[in-house]
Amino acid sequence: MSYRSDYILTMKDIVREGHPILSVKTKDVQLPLSEEDRETLICMMNYVKNSQDPELAKKYGLRPGVGLSANQVGLDKRMFVAYFTDFDEKLHEYALFNPKIVSHSVSMIYLPDGEGCLSVDRPVEGLVPRYEKIKVKAVDLEGNEVVLRLKGYASIVAQHEIDHLNGIMFYDRINKNNPFQLPENVEIKSLY
């Protein structure tokens with residue numbers, strides 16, 4: 001299964017929590033990239049961009065999102081997209097194949113309001129600890145290897161999507177006994 005770049009993904013295409021594909025580690029995308037995989041990733045990016053446009057979101061009934069991983073649309077492939085403006089007004093746009101975190105900071109951060117997910121239709125209370133800075137190796141849409149150094153919100157978004165590709169949901173990282181308790185013995189602060 002794949003998606004053509006002109007196909008308009010909607011919420012009916014998004015796999016919801018409980019579906020087995022969300023709990024498996026996805027398979028690497030074969031290189032060199034196939035046109036099919038490139039088109040699918042472009043299609044996924046279009047969903048994220050459309051979901052942030054109030055008119056298109058209303059027209060197609062899209063929930064706004066900043067990222068989307070392939071297994072969230074039912075594909076066992078290691079790829080994700082992200083599109084958002086950071087708190088310093090910097091636009092981030094990533095369409096990545098085979099992303100891997102190769103290093104991270106010791107210091108951690110979290111979103112004070114918690115995280116959400118297009119595959120989760122319910123509010124989830126709790127804080128999700130994430131590394132403040134990460135270095136990611138991946139392959140871009142042109143088939144080039146890229147190394148990204150991400151910090152702050154961009155780091156959180158990338159970790160959320162890479163977790164998906166590893167079969168981990170954001171709420172798996174919330175403390176089970178006390179959802180608002182943060183890890184001890186580590187420097188951790190709220191993103192804002």
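Biologist: Which elements each supply at least two residues of the lining of the second largest pocket, and which of them gives the most?

Modeller: In this predicted model, the second largest pocket holds about 240 Å³ of space. Strand E3 (91-104), strand E5 (130-131) and H3 each contribute at least two residues to its lining. With four residues, the element that gives the most is E3.

Biologist: How many charged residues are in the lining of the second largest pocket?

Modeller: The lining consists of 14 residues, and those nearest the pocket centre are Ile101, Tyr131, Gln159, Asp163 and Arg173. By class, the lining divides into six nonpolar and three polar residues, with the charged ones numbering five.

Biologist: Which residue of E7 stands opposite Lys135?

Modeller: Strand E6 (residues 133-139) is joined to E3 by five bridges in an antiparallel arrangement, and Lys100 stands opposite Lys137 in E6. E6 also pairs with strand E7 (residues 145-151), antiparallel, over seven bridges. In this second pairing, the residue opposite Lys135 is Arg149.

Biologist: Which residue in the turn between E6 and E7 has a positive phi?

Modeller: E6 and E7 form a hairpin, with five residues between the two strands. The turn includes a residue with a positive phi of about 90°, namely Gly143.

Conventions. Residues are numbered from 1 along each chain as its sequence is written. This is a predicted model: local features need pLDDT of at least 70, side-chain atom pairs count only at pLDDT 80 or more; totals for chains, interfaces and linings use all residues. Side-chain values use heavy atoms; hydrogens and water are left out. On a 1 Å grid over the protein atoms alone, a cavity is a set of points where a 1.4 Å probe fits but cannot get out, and a pocket is an open set with protein on both sides within 12 Å along at least five of seven lines; lining residues have an atom within 4 Å of a point. Grid points are joined across faces, edges and corners, and a volume is the space filled by probe spheres set on the points. Ala, Val, Leu, Ile, Met, Phe, Trp, Tyr, Cys and Pro count as nonpolar, Asp, Glu, Lys and Arg as charged, and the others, Gly among them, as polar. Two strands pair if DSSP finds at least two bridges between them.
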